[in-house]
Amino acid sequence: MQKKEKVKWRKLDNSAKLFPIVGNKKFSSIYRMSVTLVEQIEPKTLKLAVEQALNIFTSFKVCLKKGFFWYYLEENQQEIVVNPEETYPCRYMNQKANHGYLFKVTYYKNKMNVEIFHALTDGSTAIEFVKTIVYEYLNLVHTNTFKEKFTIKNVEADTKNIEDSYLKNYEKGLHRKENSQKAYILKGKKLLPYQVGITHGFISLKPVLKTCRRLKVTVSEYFTAVLIYSIYQEQKEQKKSKKPIKVCIPVNLKNYFKSTTTSNFFSYMTVVADHKQLDLTDFELILAFVRNNFKNKLKKEEIAKTMAHTVRLGNSIYIRMIPLVIKKLILKLIYSQIQKYTTTTFSNLGKINFLPEYQAYIDQFFFVIGPERAEKIKCTACSYGNNIAFSFSSILKENKVEKRFFQFLEEQQIPNTVVTNGIYDKENTKLYPKINTLLIEEVIDKMKEKKKIKISIKEKIKRKFHF
């Protein structure tokens with residue numbers, strides 16, 4: 001009798017431990033990277049390309065399992081699924097419908113999307129995975145063109161290295177100063193819970209670089225300042241909250257510590273803009289403030305303090321020994337409070353480089369992060385070719401902050417083209433399909449007819465749309 005092969009498994013990294021515990025329909029922990037090509041996507045070929053990319057990124061062949069103390073990753077031999085894009089971006093990932101994989105691949109016309117649950121990996125590794133799918137796809141579609149380049153080179157991710165780089169690099173004795181003041185939370189009527197409004201601004205790269213050189217700031221510093229300025233205009237209009245605007249900036253720890261892991265290895269810094277201490281109507285003052293924050297907080301010793309704080313929490317013997325069923329209740333409660341200390345997140349992936357021989361086939365690269373109940377908008381940026389894609393994802397019915405942001409850039413002689421997914425501008429949706437949704441009135445009528453459970457109509461709608 002042949003001996004059954006043992007199923008491989010591994011622990012989640014220090015950051016990833018939290019995502020399955022707090023993740024739900026209100027907080028998906030999903031981010032999406034999209035690539036548009038100059039030609040229509042061939043679905044069967046895309047599926048084959050993903051399978052070949054998985055042979056390189058073998059650490060992605062996993063599913064999530066529930067242990068007694070923590071979730072963990074287990075080898076997944078199921079068939080990969082590739083589907084047309086039919087839902088709003090960054091929705092909570094139904095693993096059963098996705099054959100258990102922690103990433104999902106969809107397509108629409110000439111666009112391919114890769115959505116990733118943050119427990120699997122961070123943005124820097126995800127970029128390489130997406131690029132590899134693109135390379136493999138183009139190799140298959142244009143066999144004659146790339147005949148001698150079929151074996152992909154220059155993929156930096158070491159798929160054999162799945163260490164927890166947090167535990168390897170953190171110093172126990174480091175402590176950071178806590179900022180205990182809660183953040184300003186954006187107000188406004190919300191979209192239906194399954195809806196996500198997307199606003200992309202494709203910005204000419206040269207004017208941005210010219211402006212940043214003139215002002216002696218980085219692109220990230222400039223966009224952070226514009227974001228704070230735009231949010232404050234909205235805060236000022238509401239005349240209610242006096243809390244500071246807090247922008248969370250993810251930091252790639254591979255830029256500061258030696259690591260080739262394909263697991264998560266990122267931290268964050270927070271820019272706290274308080275109108276009681278800073279005139280937020282003066283953009284130049286905001287810019288100087290942001291530049292100073294980046295300079296002080298992006299030092300290796302400061303980054304190490306934040307990382308040490310995070311590792312200490314995840315590695316605490318008291319937390320570790322609590323059974324998962326109880327741990328979920330405790331950590332969800334803690335995280336619901338932590339969320340109140342950030343206004344928004346801004347993640348800049350920087351310049352995306354594809355191998356020169358493939359660039360003629362690739363039009364755009366952009367990505368979005370799933371918004372949540374507290375951080376009602378989240379922002380991203382990356383550059384490819386002659387454009388920077390600055391993107392907003394939102395659960396608000398109106399995109400006032402987004403409009404202010406891109407209008408300010410126009411006023412600074414920085415041209416941009418805005419594209420949405422149809423929530424805000426039904427005419428300008430060339431990157432997204434039309435999503436069919438039931439009207440609330442129809443849902444109420446159907447629920448009234450069924451009368452299966454004696455609960456209020458309001459509660460039934462909440463359940464239906466996952467409030």
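In this predicted model, K65 has Y72 of strand β4 as its bridge partner. Five bridges join β3 to β4 (residues 71-75), and these two strands run antiparallel.

**The β1-β4-β3 sheet**
- Three strands make up an open sheet, ordered β1-β4-β3, with antiparallel pairing.
- The edges are taken by β1 (9-11) and β3 (62-66); each has a single partner strand, so one side of each lacks a neighbour in the sheet.
- From one strand to the next, the twist averages 35°.

**Strands β9 and β10**
- Strand β9 (residues 245-252) is joined to β10 by eight bridges, and the two run antiparallel.
- C248 has T270 of β10 as its bridge partner.
- Strand β10 (residues 266-273) is largely enclosed by the rest of the structure, because six of its eight residues are buried.

**Helices α5 and α6**
- Helix α5 (residues 205-215) packs against helix α6 (residues 219-238) at an angle of about 90°, with the axes 9 Å apart.
- The angle therefore makes α5 roughly perpendicular to α6.
- V208, L209, T211, C212 and L215 of α5 make the contact with V219, Y222 and F223 of α6.

**Nonpolar core**
- The largest nonpolar core has 134 residues, of which L46, F103, Y222, F223 and F390 touch the most other members.
- Beyond its neighbours within four places in sequence, Y222 is in contact with residues including T211, C212, L215, F283, L287, F408 and I414.

How values were computed:
Residues are numbered from 1 along each chain as its sequence is written. This is a predicted model: local features need pLDDT of at least 70, side-chain atom pairs count only at pLDDT 80 or more; totals for chains, interfaces and linings use all residues. Side-chain values use heavy atoms; hydrogens and water are left out. Axes are lines fitted to C-alpha atoms, for helices over the stretch in contact, and angles run from 0 to 180 degrees between N-to-C directions. Helices (H or I, at least four residues) and strands (E, at least two) are DSSP runs, numbered from the N terminus. Angles under 35 degrees count as roughly parallel, over 145 as roughly antiparallel, 65 to 115 as roughly perpendicular and the rest as oblique. Contact means heavy atoms within 4.5 Å. Buried means under 20% relative accessible area, exposed over 50%, partly exposed in between (1.4 Å probe, protein chains only). Two strands pair if DSSP finds at least two bridges between them. A nonpolar core is a set of buried Ala, Val, Leu, Ile, Met, Phe, Trp, Tyr and Cys residues joined through side-chain atoms within 4.5 Å.
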